[in-house]
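Hi everyone, thanks for coming along.

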Amino acid sequence: MSESTFPEKLVDKFGRHVDYIRLSVTDRCDFRCVYCMTEDMTFIPRREILSLEELCQIASAFTELGVKKIRLTGGEPLVRTDVMTLIQKLGALPGLQELLLTTNGSQLTTYAEPLKKAGVNRINISIDSLQADRFQRISRVGKLDKVLAGIDAAVAQGFDRIRLNSVVMKGYNEDEVLALTDYALDRHVDIAFIEEMPLGEASDHAREDTTCSNAWVRAQIEKKYQLVDSPARTAGPSRYSQVAGYRSRIGFISPVTHNFCEDCNRVRITVEGRLLLCLGNEHSVDLRAILRDGSKDMDDLKRALVAAMEIKPERHHFYDKDHAQPVRLMNMTGG
Ligand code: SAM
Ligand code: SF4
């Protein structure tokens with residue numbers, strides 16, 4: 001394949017157009033959320049993680065193949081040293097239409113302004129409780145007031161959209177669905193309720209005991225508000241509704257109870273440079289090996305991305321007992 005024969009877009013063997021990548025910039029984090037990490041995490045040795053330059057090379061290869069949207073995630077992206085230099089470079093990539101970030105919000109009082117200036121369009125901020133003691137129980141170490149101040153700082157910057165992400169779990173925060181909804185509506189930001197996913201083993205609880213279905217979450221909100229389904233649909237697991245008179249959208253991310261694979265448009269890159277073709281399967285390609293092989297260049301990287309489309313699985317099999325589940329935790333996967 002010579003350079004001129006590269007396709008303008010990435011299409012997998014089921015005809016799905018991949019134009020969205022989620023790039024994990026670190027596996028490290030300043031929180032230890034119970035559904036995401038174990039308390040005593042061992043992180044990947046530094047030499048094994050991609051440098052900022054390597055992350056940028058991957059992003060650039062994808063945008064040359066028609067990718068329009070990049071979400072930075074982790075781990076906590078804002079704890080990576082010098083992450084702003086990477087974000088500024090990504091913000092300037094030709095062809096990129098949307099640069100997005102998912103963060104726990106703990107550093108946003110410092111970073112909201114530079115992120116906006118670097119061209120980040122939208123931010124997702126995770127918050128599972130509005131009660132300080134519970135927030136700490138869920139995040140194990142996080143401070144609620146820092147995150148609330150971070151949300152205010154992001155709102156003040158006027159990003160295109162801000163979305164709060166809340167994982168609802170029985171025994172932790174299931175009675176806060178309405179309080180979290182009210183908080184989002186008051187600030188004119190979106191909120192998405194996420195079903196806990198069985199990625200790796202949770203050390204403090206059995207996931208079957210805590211997982212709340214989004215049908216149940218929605219019913220809690222409908223005790224107070226009439227929800228109208230919104231036409232806004234992403235090619236992912238989110239479905240949105242609105243409350244009449246409010247700008248905020250209320251999303252329901254249901255990877256467990258609904259299969260969203262049919263129109264999947266995304267792939268993930270772990271911080272070790274593994275290209276994951278599906279959240280719920282282990283199919284992957286080692287991009288780091290290509291980047292660190294002195295005999296290979298950008299065209300080889302692009303060829304590998306085009307070839308990878310052939311192994312993107314048709315669907316995930318969460319909670320299908322006959323199917324092996326991924327052993328990766330979410331911070332390794334890139335949320
Ligand atoms: N540290 C950032 C944050 O917390 O937003 C970005 C990475 S985090 C892995 C991305 C998202 O994944 C967060 O909204 C988090 O709540 C969610 N998450 C982590 N583990 C999960 C799990 N097992 N099931 C469902 N959502 C999960
Ligand atoms: Fe850190 Fe985000 Fe995982 Fe919580 S969900 S431990 S903030 S990476």
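What you see is a predicted model, where local features need pLDDT of at least 70, side-chain atom pairs count only at pLDDT 80 or more, and totals for chains, interfaces and linings use all residues. Residues are numbered from 1 along each chain as its sequence is written, chains are lettered from A and ligands numbered from 1 in the order in which they are written, and side-chain values use heavy atoms, with hydrogens and water left out.

Now the overall picture. The protein has eleven helices and 14 strands; these are DSSP runs, H or I of at least four residues for helices and E of at least two for strands, numbered from the N terminus. Of its 335 residues, 57% are buried, meaning under 20% relative accessible area with a 1.4 Å probe and protein chains only. Among contacts (heavy atoms within 4.5 Å) with a separation of 6 or more, 74% join residues 24 or more positions apart.

On to the inside. In soluble globular proteins, nonpolar side chains tend to be buried together. Here the largest nonpolar core has 90 residues, and F62, I70, L115, F193 and L275 have the most contacts inside it. By nonpolar core I mean a set of buried Ala, Val, Leu, Ile, Met, Phe, Trp, Tyr and Cys residues joined through side-chain atoms within 4.5 Å. Helix α1, residues 52-64, gives the most to this core, with seven residues. Leaving aside neighbours within four places in sequence, L275 touches F62, V267 and L305, among others.

So what surrounds ligand 1? There are 19 residues, the closest being Y35, G75, E76, S126 and M197; the cut-off is a heavy atom within 4 Å. A nitrogen atom of the ligand lies 3.1 Å from a backbone N or O atom of G75, and a nitrogen atom is 3.1 Å from a side-chain N or O atom of E76. A backbone N or O atom of T103 is 3.1 Å from an oxygen atom of ligand 1. The protein covers 95% of the 540 Å² of accessible area that ligand 1 has on its own, by the Shrake-Rupley method with a 1.4 Å probe. Strands β5 (98-103) and β7 (161-167) are the elements giving two or more residues to the shell.

Last stop: N124, in strand β6, residues 122-126. N124 is buried, at 6% relative accessible area. Beyond neighbours within four places in sequence, N124 contacts R71, L101, T102, T103, R163 and N165.

Notes
Buried means under 20% relative accessible area, exposed over 50%, partly exposed in between (1.4 Å probe, protein chains only). A polar contact is a pair of N or O atoms within 3.5 Å; within protein, one must be able to donate a hydrogen and the other to accept it, and residues adjacent in sequence count only if both atoms are side-chain atoms.
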